[in-house]
Amino acid sequence: MPSAARVLGLTLLAFLPLLTLLTAAPAAHAAVGDDGWSAAPAGEARPSFYAEGGPGAVLEDTVALTNRGRTAVDVSLRAEGAEVTFADTRLRLPPRTRTEVPFTVTVPAHDATARLVARDSEGTTRRVAVHLRATVPTVAALTVEHVSVHADRITYELVNRGTTPLAPRLAVHADGLLGPLLDRAPRPLPVTLAPGSRTELSEPWDGPALDSVEVRLTVTAAGGARDEARISAGVGPWGAVAGGAGAVAGGGALFVVRRLPVVRRHRRRAAVPPEPSCPEAELTGAVS
C-alpha cells in the first residue's frame with residue numbers, strides 16, 4: 001500500500017499543469033491591455049459617430065482616447081473625408097488615463113462617411129467612422145421662361161429651381177382680338193426635371209392668319225410649385241400693315257410741316273397795305 005505522503009505527491013503532480021494555466025492566464029490578459037490604446041466616441045457606447053443637419057451646419061462631438069498601457073503615448077489627430085476641426089491635434093496620453101477631445105464637423109452638401117484618424121509615434125493608427133447625413137429641405141419651385149410664339153408652335157423653357165425632382169403639368173390659353181383662340185386644360189408633360197435642371201419644350205398650335213394674340217402658359221407640379229408666363233405677339237402680316245400706316249402718318253406730318261411756312265408767308269404779304277397812288281401828283285406834273 002502506498003503511503004499517504006506518496007498519494008498526496010502524485011495528486012499534486014497531476015494537477016500541476018492545470019495550476020500553471022490558471023496562474024498564467026491573468027498575466028497574458030494584462031499584457032495585452034498594457035500595450036494598447038484606443039479611440040472611440042465619448043459618452044455612451046457607440047461604434048461610430050453620426051451627425052445630421054443642413055448642408056453647411058457645424059456640429060459638435062467628442063472623441064475619447066484611452067491609454068491602457070504603462071507608458072505614455074503621443075497621438076496626433078486628423079480627419080479624412082470631411083471638414084473637421086479638433087480642439088487639439090497633438091496629445092500625450094499618460095498611462096492608465098482617458099482623454100476626451102472635442103471637435104466640430106461641417107455637414108457637406110450630400111450624405112457622406114468620414115473618418116477620424118488617430119496615430120501614435122510608432123505608426124499605430126486607429127480610425128473611427130463619422131456618418132454624415134445632409135438634411136436638405138424639400139422645396140418645390142418651378143418657372144417657365146423664354147416664351148416665344150411662332151406660326152406653328154409656342155416654344156418655352158422650364159426650370160426646376162427647387163430641391164426635389166418635379167413632373168410638371170402645362171395649361172395653354174391664347175386670346176385674339178375677337179376672343180379666345182386656344183384653351184388647353186392642364187396635362188402632364190413627358191419630362192421629369194431634376195433639381196436645378198433646365199429644359200426647352202414646344203407646344204404645337206395653328207396660329208390665326210391675321211390677328212394679335214396674347215398667350216398664357218401655366219405650369220404646375222407637386223408640392224405647390226406653380227408659375228405663369230404671358231406674351232403678346234402679332235401673327236401674320238400685321239407688322240406690314242402697321243408699317244404702312246406709320247408711313248402714311250409720317251407723310252401727313254411732313255405735308256403739314258411743308259405747308260405751314262407757305263401759309264404764313266401768304267398771310268404776311270396779305271397784311272402789308274398797298275402803296276397809295278397819288279393822282280394829284282400826276283395831274284400837277286401834267287399841268288406843269
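Start by selecting S48 and H131: their side chains make a polar contact at 3.5 Å (a pair of N or O atoms within 3.5 Å; within protein, one must be able to donate a hydrogen and the other to accept it, and residues adjacent in sequence count only if both atoms are side-chain atoms). You're looking at a predicted model, where local features need pLDDT of at least 70, side-chain atom pairs count only at pLDDT 80 or more, and totals for chains, interfaces and linings use all residues. Residues are numbered from 1 along each chain as its sequence is written, and side-chain values use heavy atoms, with hydrogens and water left out.

Stay on S48 for a moment. It sits in the loop between β1 and β2 (49-53); strands here are DSSP runs of E, at least two residues long, numbered from the N terminus. S48 is buried at 18% relative accessible area (buried means under 20%, exposed over 50%, partly exposed in between, with a 1.4 Å probe and protein chains only). Show what surrounds S48: leaving out residues up to four places away in sequence, S48 touches P41, V128, A129 and H131, where contact means heavy atoms within 4.5 Å.

Next, colour the four-stranded sheet. This one is open and antiparallel, in the order β1-β3-β7-β5; two strands pair if DSSP finds at least two bridges between them. β1 (37-41) and β5 (83-86) are the edges, each with a single partner strand, so one side of each has no neighbour in the sheet. Neighbouring strands are turned by 30 degrees against each other on average, direction ignored (axes are lines fitted to C-alpha atoms, and angles run from 0 to 180 degrees between N-to-C directions). Zoom in on β5 and β7 (residues 97-106), an antiparallel pair with four bridges. Click V84 and look across to β7, where its bridge partner is V105.

Now for a salt bridge: a side-chain nitrogen of Lys or Arg within 4 Å of a carboxyl oxygen of Asp or Glu. The whole structure has 16 of them. Select D74 and R92, whose side chains meet at 3.0 Å, N to O. D74 belongs to strand β4 (residues 73-80) and R92 to strand β6 (residues 90-93), so the pair ties together parts 18 residues apart in sequence. As for the surface, D74 is partly exposed at 31%, and R92 is exposed at 55%.

Move on to the three-stranded sheet, again open and antiparallel, with the order β10-β11-β14. Its edge strands are β10 (142-149) and β14 (198-204), each pairing on one side only. The twist from one strand to the next averages 25 degrees. β11 (residues 153-160) and β14 run antiparallel over seven bridges; pick I154 and you'll find its bridge partner in β14, E203.

While you're there, which residue does R198 meet in a salt bridge? Select E145: the two side chains come together at 3.1 Å, N to O. R198 lies in β14 and E145 in β10, so this pair ties together parts 53 residues apart in sequence. R198 is partly exposed at 43%, whereas E145 is buried at 19%.

Last stop: E228 and R230, a salt bridge with the closest N and O atoms 3.3 Å apart. E228 is partly exposed, at 32% relative accessibility.
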